[in-house]
Amino acid sequence: MVKDQEFLETKASYCLGLAKKLGATDSSVIVKNSISETVNFRNKKLDESNRSDDLGLSITTYIGKKKSSISSSNLLNDNLNILIEKCIETTKNTPEDEFNSLPDRDLFAKEAKELNLYDETHIENNQKIDYLKKLEAAASNDKKIVNTESSFTQNKSNFVLANSEGFCDGYKTSSFTASSVTVAKDEKSMERDYEYSSKCFLKDLDDADELGNLAANQTIRKLSPKKIGSEKIAIIFDKRIAKGVLSTFASAISSSAISRGTSFLKDKVNQKIFSDKINVFDKPDMLKGLGSRNFDSEGVKTDTLKLVDQGILKHYLIDTYNGKKLNLKSNGRCGGTSNLYFENGNINFKDLLNSHSKSLYITETIGHGSNIVTGDYSVGATGFLIENGEFKYPINEITIAGNFKDMFQNITLANDLEFKYATNSPTMLIEGMVVAGK
Amino acid sequence: MSHMSNFFEKSDVSRKEAESIISDTLQKCDDGELYLENSKSESILLDDNKIKNSSYNSDLGFGFRAISDEVVAYSHSNEISKNSLKQSSENLKSTLKSVKGTYNYEIPKSNKKYYDNINPIEQKSLNEKIKILNDVNDYLRSKGDKVKQVTANFLGEQKSVEIIRSGGETLSDVRPLVRFNVSVMVEKDGRKETGVYGVGGRQSYDSYLKDENWKSVCDEALRIASVNLESKPAPAGEMKVVLGPGWPAILIHEAVGHGLEGDFNRKKTSAFHNLMGQKVASEGVTIIDDGTIDNRRGSLTIDDEGTPTEKTVLIENGILKNFMQDRLNARLMKTRSTGSGRRENYRHIVLPRMRNTMMLSGKQTQEEMIKAVDKGIFAVSFGGGQVDITSGKFVFNCTEAYEIVNGKIGSPIKGATLIGDGPSILKEVSMVGNDMMMDPGIGTCGKAGQGVPVGVAQPSILINKMTVGGTKL
């Protein structure tokens, strides 16, 4: 069983008490326990079981405007005594930074909403095995599938965040995740693809058959890919890739990138950065949401933010430190976004495919090709050639490139938004990107 | 042998009791061990003119592994106690019901050590580290108004590991690791570019930074940033590519290294699985993976299963010779471990991984290569890369590159992704340089969610055909 609130709170208050006794003027601590149990299958047989029990603590101490932090997985008081003493010593020797401080008192989350983030259900390994047998049977149905690897993980976590201003709160969360990676082969090629489902509640998890079938079909359709020539062409991003555009956007509006001056979106608040129809929300209080939270990692309350309204950037993602530096109040985004999504567009998936006589549908990108300083984007890609709304043939060994400043202005969204991840986008079309191939 | 960490000192379980739980759990398994780890690490970061972060981490835990045939059962915990070990043992037994293997007691021995038993964190005081970071900031900002942002950091670690096998055989290692990084952002006429450089390895910070050597790290970061300020859009399409020596060898790491790891080949999911003994590269191309180079970031005295590391020849004169193996994949493929079994820490299972992956020198000069190109690019430095093992397609991102026109190096070009096909790219290598160089000691390789420190090396090479992912058609 994951450690209860009382155990975590006792450890947290021990640390805060000791830090104060040793001379800290302020301190904050997070204590977390996470227990995961995973079963992996390969080619319809048990391959691996993995149980992990992680207990950890991290404490930040302040002496005036000086700050330092330590973390440890050894929570015995003997060890904590040594570490906190070391932390205080380091704090004393670290130069002052005028912006170091705990959040303003009036910003702390006061009441916790019930967000339905914890499912008591415990799924035994045999039940996981039953699910995986069904999944792998579906995934390996077609003879072209030559390898299947599937996995089922149950995770239960609990944490307490406490600080010397009296904030002390935390809650349990759970997740159940199933995934399947399949390899398909024909005379000319070998390809890999996957499908995945992750939910807070076991009963919401996708059906095993469905998951296996999807993984297999998505892999088989990639066989015998072609390489195409270099040209300027409209790109359609599958939902699983489109969400990456939002993640880059989120990094570029984080207050740390803004205050350091290392973002292409610096000074763009109240300016139009997307096309007219684009709205972006970050909504922390979605029931069972994979990114839902009652407060951020500093204890600051988190309200829903409409980050982009009709194409206009409205907010940065602000934490306490960078907020003070920018002379802005924290909006509870220390640690990033919660449930971040593009609002649906007003065109359906089919019409989006049909909107150009020729386009590329991208299902996977590789490489770390997003530069948030310049906005430049260049990644390896695989996908399909679309002609007149039809999937013609698979393509690979190409790159797609552009600059986010232009890409954002040229986005059209379909109306097929789903909440499958913490960050979600409908299918996305971007005009004017360059494909490099032959 | 020196036991630097006595894992049982403050525990309610004695070494003897632990050994008996291990032997009892593993007796009918084919392999397995208890892996204990105690690591101490620090991070000190200067950013935006201030010391932003000084943090220290102390991590302790064990991972208990039992293997029967192809099935791996693993359980880990932070708590080294009788209760916790027994619970893990029960968990392993419940996965591996009715096992009937024969435990393989054999493990090679070696007295060689590739780094000293030091704690780099303690070898330099916090104040000295802070002073260097502030000096870095002042030095770079004194280079002119165009310098708009400076980030520099120290990362240091000492990791003590102990592997206890069934029957009580114990192997241990103490591993120091440091890294020093500088990143600088410059601005000119509203245009911003960054340059990053770093050094590191398994020695004290001073081995890399003495005699104000940190200045050369700063100079290099600033040089890359300044070059990029003048860069123009990169071309798009297939063309010839000359790679500089050293760090660009992450091409080798991505293009062929991962595909030669034992697990993907046992599972036949690597594009290389049926190519053993065949020609996979041009003549003159020899690639090794070496864990035995003194003090290198990717070097290990023993791997995380206790096997001494070695120099493994992967490709010899174009012919595929060996895969990199851990004990599990070696047994299932009826070969021996190459000392390549690694894990990020006790939370993770062992996988076959790279150490220092190197393409050895040939005879040509870089000058000859440039001269041989009518239209192409010269890539000097990279950010990072990635590979799809199954299709063999790999990418990496240039952070410093130039166009080549009619045998001459031209203007710098913007960062672009290069994409190629692993199994065929090495056949496109038409010249191998005489200037092999190691990388500066900054690489971390990710696989299955686990990051491990690695090294790479290569001479300059000329590749006949690669796709450059620029925007200029």
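The contact between the two chains takes 57 residues from chain A and 64 residues from chain B, where contact means that the C-beta atoms of two residues, placed from the backbone, lie within 7 Å. This is a predicted model, where local features need pLDDT of at least 70, side-chain atom pairs count only at pLDDT 80 or more, and totals for chains, interfaces and linings use all residues. Residues are numbered from 1 along each chain as its sequence is written, while chains are lettered from A and ligands numbered from 1 in the order in which they are written.

On the chain A side, β2 (45-63) and α2 (77-93) are among the elements that give two or more residues. Helices (H or I, at least four residues) and strands (E, at least two) are DSSP runs, numbered from the N terminus. The largest share, 10 residues, comes from β2(A). By class, the side of chain A that touches chain B splits into 14 nonpolar, 28 polar and 15 charged residues. Here Ala, Val, Leu, Ile, Met, Phe, Trp, Tyr, Cys and Pro count as nonpolar, Asp, Glu, Lys and Arg as charged, and the others, Gly among them, as polar.

Now for two strand pairs (DSSP must find at least two bridges between the strands):

| Pair | Sense | Bridges | Bridge partners |
|---|---|---|---|
| β2(A) and β3(B) (residues 71-77) | parallel | six bridges | A:Arg51 and B:Ser75 |
| β10(A) (residues 305-309) and β11(A) | antiparallel | two bridges | A:Asp309 and A:Ile312 |

The second pair sits in an open, mixed sheet of five strands in chain A, ordered β11-β10-β9-β12-β17. β11 (312-313) and β17 (423-424) of chain A are at its edges with a single partner strand each, so one side of each has no neighbour in the sheet.
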